[in-house]
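Good morning, and thank you for making time for this item.

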Number of protein chains: 2
Amino acid sequence: MHKIVDGSTQILGVVGDPIRQVRAPEVWSALFRANRFNAVCVPLHVTPAELKTFLTGLRTIQNIAGLIVTIPHKLAAVHHADILTERARHVQSVNVMRRDEDGRWRGDILDGIGFVKGLLSRGQRIEGRRALVVGSGGAGTAIAFAIAEAKASSVHVSDIAADRASDLASRLEAAGIPSGTSAASARGYDLVVNASPIGMKPDDPISIDCTDLVREALVGDVVVHPQITPLLAAARERGCYTQPGIVMMDNQLTAMREFLRFPDGDYTPAAVARVPAA
Amino acid sequence: MHKIVDGSTQILGVVGDPIRQVRAPEVWSALFRANRFNAVCVPLHVTPAELKTFLTGLRTIQNIAGLIVTIPHKLAAVHHADILTERARHVQSVNVMRRDEDGRWRGDILDGIGFVKGLLSRGQRIEGRRALVVGSGGAGTAIAFAIAEAKASSVHVSDIAADRASDLASRLEAAGIPSGTSAASARGYDLVVNASPIGMKPDDPISIDCTDLVREALVGDVVVHPQITPLLAAARERGCYTQPGIVMMDNQLTAMREFLRFPDGDYTPAAVARVPAA
């Protein structure tokens, strides 16, 4: 019999709404298999109104190895963790949670780390760039702070919810990073990031106006499906270096394994690719 | 990449304490794969004190396909279902739950059906037998009522918790079935069932005294690991027909699929055996 799961299997949950598009269940379940760690990653579809009740119930499950938190729960999860890493406190957003030895649930945010690591590992430079981040939710906030940490000269913010954009800009400025709100236009920027869900649906417009996008700009997107969003397609036409959402995700894997304290092993995209087909 | 789970996967949970010994995750995950139904069965380790909180949280998960309830939660789960099948009301025990269209959670008990079906499908006769059931928890109660339904002439009950045994005996008598409490001895019975956990641990004593066990008796056990408990070994020595716990489990599969309204397919042990090895 093909053994997929047994009574000793640990569970890594991923909670979101919607959930069908999340890649974590495939990727992490394959990584666990590649590293012979008896665990499985399962999608958990929960609405925002029920997040608190869900998390209260989740704490009762003793074989939960951790929880990945995705859209739209990253901001709310801050209020349901017992303890936050310094980074998560700063960003006020959580994309991963674990149970500590004392039973408390600890939240961290690794989205920004994955985005920055993706660019730097390909030899791209962030230092000195004028950045625009469109979308000021969990991922956008994490990326804005991570880009700032990587020494961008300024980080501007755009959001259809104007008050949310100005709130993030204020927090960046309070942390000593030149910031402000902006239109969703690439004009005047050389690091352009879509951190909004725009581009997921087939009929979505382009997330950022690329009329004045310069060839020297780096352009990244957090959207995973489709891999090439209208934004990235427009940026490639202009000859820009582009980073699809999957690259940010892949670069989070190792950081997430460390935070979740899974057994040592190879938790890179290469390990996923090596898992044999059925 | 070997795809085990993805964002569209439905979850069948199995809740128990302890959990490592449960076979449902292996069996059901293999059945789902054999029938190309995108679902996975995962173990959920929850203590009795936290069952209510756990179930409240579980209700918030939209892609839960159902919940299998095992030791020690089968009695308590009765109080956490919104609606019970007639059978579960009678037995006052639940081993499977599903969400109805109106959002209510419905509980049923299929343990007894599996036990009886296991014997009848092998051409064994239950009608007219004097039965002893040792253990009056969820499985024991379900088996006692199912044996009675299958027209045993009497169903006696034994339990180290004497008050629980006499409670079950009273309920059987109230339902018109000759009953009473008994010592855990095969003397005077020709259908002998261990429905207690005794036999799971390596040092466990025999669950039922077999000194006076007759060759014509049928002897069944609910314990799954080990497959041959001290009780079944003693019964085989005397030439009795024996039914290991795994047979009861296997015979529940089809009934459970129907209750959980999974897509049509082959949900028999044969289908599990046909799933190719990795």
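Let me begin at the boundary between the domains of chain A, where 14 residues of domain 1 are in contact with 13 residues of domain 2. On the side of domain 1 of chain A that touches domain 2, the residues divide by class into six nonpolar, six polar and two charged. Please keep in mind that this is a predicted model. The domain assignment gives domain 1 of chain A as two segments, 10-110 and 252-274, and domain 2 of chain A as 112-248. Between the C-alpha centres of these two domains of chain A there is a separation of 24 Å.

I turn now to chain B and its sheet. In what order do the six strands of this open sheet run? The order is β9-β8-β7-β10-β11-β12 in chain B, with parallel pairing. From one strand to the next, the twist averages 15°.

Pro226(B) lies between β11 (218-221) and α7 (230-237) of chain B, and the peptide bond joining His225(B) to Pro226(B) is cis, with omega about 0°. In chain A, the bond from His225(A) to Pro226(A) is likewise cis, with omega near 0°, and Pro226(A) is found in the loop between β11 (218-221) and α7 (230-237) of chain A.

Finally, two arginines of chain A have positive phi values. For Arg36(A), phi is near 55°; this residue lies in the loop between α1 (24-34) and β2 (39-45) of chain A. Is Arg36(A) buried or exposed? Arg36(A) counts as exposed because it has 8 C-beta neighbours inside 10 Å. Arg261(A), also not a glycine, has a phi of about 55° and sits in the loop between α9 (253-260) and α10 (269-274) of chain A. With 10 C-beta neighbours inside 10 Å, Arg261(A) is therefore classed as exposed.

Terms used: Residues are numbered from 1 along each chain as its sequence is written. Chains are lettered from A and ligands numbered from 1 in the order in which they are written. This is a predicted model: local features need pLDDT of at least 70, side-chain atom pairs count only at pLDDT 80 or more; totals for chains, interfaces and linings use all residues. Domain bounds come from an automatic or database domain assignment. Two residues are in contact if their C-beta atoms, placed from the backbone, lie within 7 Å. Ala, Val, Leu, Ile, Met, Phe, Trp, Tyr, Cys and Pro count as nonpolar, Asp, Glu, Lys and Arg as charged, and the others, Gly among them, as polar. Helices (H or I, at least four residues) and strands (E, at least two) are DSSP runs, numbered from the N terminus. A residue is buried if 20 or more other C-beta atoms lie within 10 Å of its own, exposed if 12 or fewer, and partly exposed in between; C-beta atoms are placed from the backbone. Two strands pair if DSSP finds at least two bridges between them. Axes are lines fitted to C-alpha atoms, for helices over the stretch in contact, and angles run from 0 to 180 degrees between N-to-C directions.
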